[in-house]
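Please keep the sequence and the structure in view while reading.

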Amino acid sequence: MKNVYDVIIIGAGASGLAAAIECSRRQLTCLIIDKNKKPGNKLYATGNGRCNVTNDQYDSGVYYNNPFTDQILQQADLRDFTIHFMHDIGIHLTEKKGYYYPMSMQASSVVWALLDAIDKNRVDFEQNTEVLQIEPSVTDNREAASHYLIQCSDHKEYQCRAIILSMGGCSAPELGAADPAVSYRLLDSLGIHYQPYTPALVPIKTSEDVSALNGVRQHALLTIGDSAYTEEGEIQFTDQGISGIVVFNQAEFIRNLLTSGKAVVKINPIPEITRDAFLSDQQALANCLPNRSILAFLNGYMNDKLARYLLDRMEEAQILDHSAQIAGLPEHTAERIYDYITNSFCVHPIELYGFDKSQASSGGICTDQINPETMEFHDKPGIFAVGEAIDVLGKCGGYNLSFALYSGHLAGSHVLLR
Ligand SMILES: Cc1cc2nc3c(=O)[nH]c(=O)nc-3n(C[C@H](O)[C@H](O)[C@H](O)COP(=O)(O)OP(=O)(O)OC[C@H]3O[C@@H](n4cnc5c(N)ncnc54)[C@H](O)[C@@H]3O)c2cc1C
């Protein structure tokens, strides 16, 4: 192994591997350094092992209206890019409800194809070692002055003409994510501005004891705070709060509300049932099955543990008695049940879970320093940043991986071009 390269890529995740593919296609000599034993370690866990790489729907909202990704979306169609990029490395995608996965439904096939597409004659891998220090090589020679010295935890040192920072964020430390202290040190040494990494796409702890609902999955409409943010999908209850893709996606908004003390999440578990339909169902069942309990009636719409939980809450609110039956409800009680279920079932977030439960990080390298057409720093020629290391967060649905692949591809295509 050499110790002088054209390009050194720090991090062998999706973004670093995409960058390496382009570097090797362009005949650049390249070294990828990664602290994990094997490259693409996090990729294996994505999409529950199936690797959801892209999506049919792209708009500003899927990246939380980030001006930087707005520019990216103007210059590229990330769905088409990802389909073609994957096709070119021999991975064919299949679409399920707008979400795209490899046809194998195995994340491992994506990792393998990414690695196989890298020309090993040009690209070296240094695994199981962490980059601890980056320094400009100090010299009087103008050309050599643009070289960087990289120092690793195994005491090895390398030099390069350009660096691609692809060290990801700090989510899922058990999968070998970046150590924030090390990343901050590297960024500080290069004079790069950043926002601290915080857990994103993460479950939420609530003040209410929902442990009786632990494990329950229910389709629901979530409304956050003052109704500005709503999303429909499957919610999962945990022993301490709520989880699931809709919750992950809304965690960013909840984080902001937590500081104001106004964090509340309204859960409507029957968004597709209108008031009229509910009342007419109740009337019809009261006529043909008058002895049916309210619990069983609600269980016709939702998980039985959730029906029981809501019934307890409604009993506390003196709306009805637990033992009530579908027939003979006092006047307007059916309306009040509907209104409670659709409008008054709330939980109050008190905390987001940590990096160990998060699928991505928010924060990272501030994007105003980066050219979105190349991923190179405006005022640091030869330094590029890609993927989750930078302050870009996508919702669940393949948006983080497609951004990681696209930004890596851009950096690999432009590094040392001028
Ligand atoms: C459980 C889980 C499921 C997910 N599922 C999906 C999904 O289905 N679809 C989707 O779009 N997104 C998904 N994501 C998010 C997605 O995986 C990431 O956004 C994406 O992998 C980021 O790629 P990256 O290359 O930027 O960073 P990473 O994949 O994190 O790679 C960075 C690499 O750099 C290494 N590194 C860090 N610091 C150093 C250092 N100082 N020296 C050497 N090496 C270093 C790390 O060890 C790591 O291997 C999921 C995330 C998780 C945790």
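A polar contact is a pair of N or O atoms within 3.5 Å. The model discussed here is predicted.

**Ligand surroundings**

Of the 35 residues around the ligand, those that come nearest are Ser 15, Asp 34, Gly 176, Glu 388 and Leu 401.

| Residue | Atom of the residue | Atom of the ligand | Distance |
|---|---|---|---|
| Lys 35 | backbone N or O | nitrogen | 3.1 Å |
| Lys 42 | polar side-chain atom | oxygen | 3.1 Å |

**Packing of helices α3 and α11**

Helix α3 (residues 78-88) packs against helix α11 (residues 399-414) at an angle of about 75°, and their axes are 10 Å apart. Angles of 65 to 115 degrees count as roughly perpendicular, so α3 is roughly perpendicular to α11. On the α3 side, the contact is made by Leu 78, Phe 81, Thr 82, Phe 85 and Met 86, while α11 contributes Ser 402, Phe 403, Leu 405, Tyr 406 and His 409. Seven of these residues are nonpolar, three are polar and none is charged.

**Helix α4**

Helix α4 (residues 107-116) is largely enclosed by the rest of the structure, because seven of its ten residues are buried. These are Ala 107, Ser 109, Val 110, Val 111, Ala 113, Leu 114 and Leu 115. The buried residues of α4 pack against α1 (14-25), α3, β5 (99-102), β6 (123-126) and α11.

Definitions and conventions. Residues are numbered from 1 along each chain as its sequence is written. This is a predicted model: local features need pLDDT of at least 70, side-chain atom pairs count only at pLDDT 80 or more; totals for chains, interfaces and linings use all residues. Side-chain values use heavy atoms; hydrogens and water are left out. Axes are lines fitted to C-alpha atoms, for helices over the stretch in contact, and angles run from 0 to 180 degrees between N-to-C directions. Helices (H or I, at least four residues) and strands (E, at least two) are DSSP runs, numbered from the N terminus. Angles under 35 degrees count as roughly parallel, over 145 as roughly antiparallel, 65 to 115 as roughly perpendicular and the rest as oblique. Contact means heavy atoms within 4.5 Å. Ala, Val, Leu, Ile, Met, Phe, Trp, Tyr, Cys and Pro count as nonpolar, Asp, Glu, Lys and Arg as charged, and the others, Gly among them, as polar. Buried means under 20% relative accessible area, exposed over 50%, partly exposed in between (1.4 Å probe, protein chains only). A residue is near a molecule or strand if one of its heavy atoms lies within 4 Å of it. A polar contact is a pair of N or O atoms within 3.5 Å; within protein, one must be able to donate a hydrogen and the other to accept it, and residues adjacent in sequence count only if both atoms are side-chain atoms.
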